[in-house]
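Thank you for coming, everyone. I would like to take a few minutes to walk through one structure, going from its helices to its core and then to some backbone details.

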Amino acid sequence: MSSSTVKLSSILSGLSYALDLTEGHPRGHAARSCLIGMRLGRALGLSADEQSHLFYALLLKDAGCSSNSARVFQLFGGDDQAAKRGVWFRDWRKLREQIAYVLDYAEPDGRVFERVRRFAVLAAKGPASRRALFEVRCDRGAQIARTLGFSAATAEAIRCMDEHWDGGGYPDGMKRAEIPLLARIVGLAQVAEIFASEQGPARAAAVVRQRTGSWFDPELAGVFRSVAGDHALWDACASPVLDDTVAAVEPEGREIAADEKRLDDIAVAFAWVIDAKSPFTYHHSERVADFAVAIARALGLGERETIRLRRAALLHDIGKLSVPNRILDKPGKLTPREWEIVKLHPYYTYQILERVPVFGELAFDASAHHERLDGRGYFRNLPAAGLSSSARILCVADQLDALSADRPYRGKMPAERVLSILREERGTGLWPDAVDAAERLVN
Ligand SMILES: [Fe+2]
Ligand SMILES: [Fe+2]
């Protein structure tokens, strides 16, 4: 399929599964929220332009999701994904619900003393720390939408989606009509989806009713009541071809083609999402992409192949969004079980990318970045013959940056030490041509 005939919405809808993983939502949360939100937008009689702004806000609403994962882990100590999803099931503005939430998610395996201590810390930090958690996520999401060239209306809808009708939301405590209408729609659609997918549409309707006037705009909640009884909406949410179903609700005539520049921009934007997950992977994906391109040029790889390799490098660790920060940021040695979870991240990279138009072509190479020529890598234990030149270059570029960067369990390594480790692996684990090119690059 030529990239110029592919719609941007199909790509973003496919990649939104990576955002679902980061937030601990079941696959398809953003896509289903999009169907619910667009149904509300149509029922409200929004213009085609407004619907288009809303459509992309719904697909990208969680683009800032990874930027508070490390902080959520620091605060709660358990799995950030579980804590992030759990926040939606409680009306956290009520003290009773806050206590129940913290008891559920803070140090789930810890001793009672540790859980009580966590609660005391969270209570002391209070709304200011909650605000900071939402703020970084909302700001980052809006910034990514703007960088991808979406409208100010789309970016604002993302930034303000966690504001509440009565002023009790975040990040700014906006009230009523101060909150942009599109943001109110995104906010309601995401909560409705979470309850509908876990406990059924009737429960979603009940929660919207309970939170009307506090979380939600009463008029909008009324419109939701009128569409919530429509089985076609929930059937669409259960569609086995969810991405196609989402693509079909994009307003006609407002479709955006995923040209080469857009594809590059999306790969860079998702590299930011991936690298924001942990303080130890700051700019890792972008640096790996730079190393990979430099090695590819030195080895005379074709232009088309180099473009593809760069995108694969930017997205190679997208599966890391599935790994909890309690493991990614662990200062000590990983347990065998934790190590198994880390080793699954290239498998998730494949699972995410394989079904995305255009990026599906590079899913295999991107997910082969921990393989070794001698077949002792992971997760497929591929032999050398199963690794393309691009995949082999990516393995070297990834190692080069991983060894050069700070890690939770060790500091930076000097360039000479990095090169000597690559040399040790030359021919056994790593492709000699790429190692030699990397050496010339660093020296
Ligand atoms: Fe990796
Ligand atoms: Fe990596």
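Predicted model: local features only at pLDDT ≥ 70, side-chain atom pairs only at ≥ 80, totals over all residues.

First, the overall picture. The protein has 23 helices and zero strands, and of its 443 residues, 47% are buried. If we take the contacts with a separation of 6 or more, 69% of them are accounted for by residues 24 or more positions apart.

Now let me return to helix 2. This helix has 15 residues and reaches 21 Å from its first C-alpha to its last, which is close to the 21 Å expected at 1.5 Å a residue. Helix 2 is also mostly covered, with 13 of its 15 residues buried. R42 and P251 are 209 residues apart in sequence, yet in space they are 9.8 Å apart, C-alpha to C-alpha.

How does helix 2 pack against helix 1? The two helices, residues 8-23 for helix 1 and residues 29-43 for helix 2, meet at an angle of about 120°, and their axes are 7 Å apart. On the side of helix 1 the contact is made by S13, S16, L19 and D20, and on the side of helix 2 by H29, A30 and A31.

Let me move on to the core. The largest nonpolar core has 110 residues, and those with the most contacts inside it are F270, A292 and V396. Helix 9, which covers residues 181-199, gives the most to this core, with ten residues.

If we leave aside its neighbours within four places in sequence, A292 is in contact with L309, R310, A313, I393, L394 and A397. A292 is also among the buried residues of helix 15, together with H284, S285, R287, V288, A289, F291, I295 and A296. The cover over the buried residues of helix 15 includes helix 14, helix 16 (303-315), helix 21 and helix 23 (432-442). Helix 15 has 15 residues, and its reach of 21 Å from first C-alpha to last is close to the 21 Å expected at 1.5 Å a residue. After helix 15 comes G300, whose phi is positive, near 75°.

F280 is placed in the loop between helix 14 (260-275) and helix 15 (284-298), and F280 is partly exposed, with 17 other C-beta atoms within 10 Å. F280 and L328 are 48 residues apart in sequence and 8.3 Å apart in space, C-alpha to C-alpha. H283 is also found in the loop between helix 14 and helix 15, and its phi is near 65°, a positive value in a residue other than glycine. H283 counts as partly exposed, with 14 C-beta neighbours inside 10 Å.

V358, which is not a glycine, also has a positive phi, of about 65°. Is V358 buried or exposed? V358 is buried, with 22 other C-beta atoms within 10 Å, and its place is the loop between helix 19 (345-353) and helix 20.

Finally, the peptide bonds. Y170 and P171 are joined by a cis peptide bond, with omega about 5°, and P171 sits in the loop between helix 8 (152-159) and helix 9. The bond from Y378 to F379 is cis as well, with omega near 10°, and F379 lies in the loop between helix 20 (363-366) and helix 21 (389-404).

Definitions and conventions. Residues numbered from 1 in each chain as written. Chains lettered and ligands numbered in written order. Axes fitted to C-alpha atoms, helices over the stretch in contact; angles between N-to-C directions. Helix = DSSP H or I, 4+ residues; strand = E, 2+ residues; numbered from the N terminus. Contact = placed C-beta atoms within 7 Å. Expected span 1.5 Å × (residues − 1). Buried ≥ 20, exposed ≤ 12 C-beta atoms within 10 Å, placed from the backbone. Core = buried A, V, L, I, M, F, W, Y, C linked by C-beta atoms within 7 Å.
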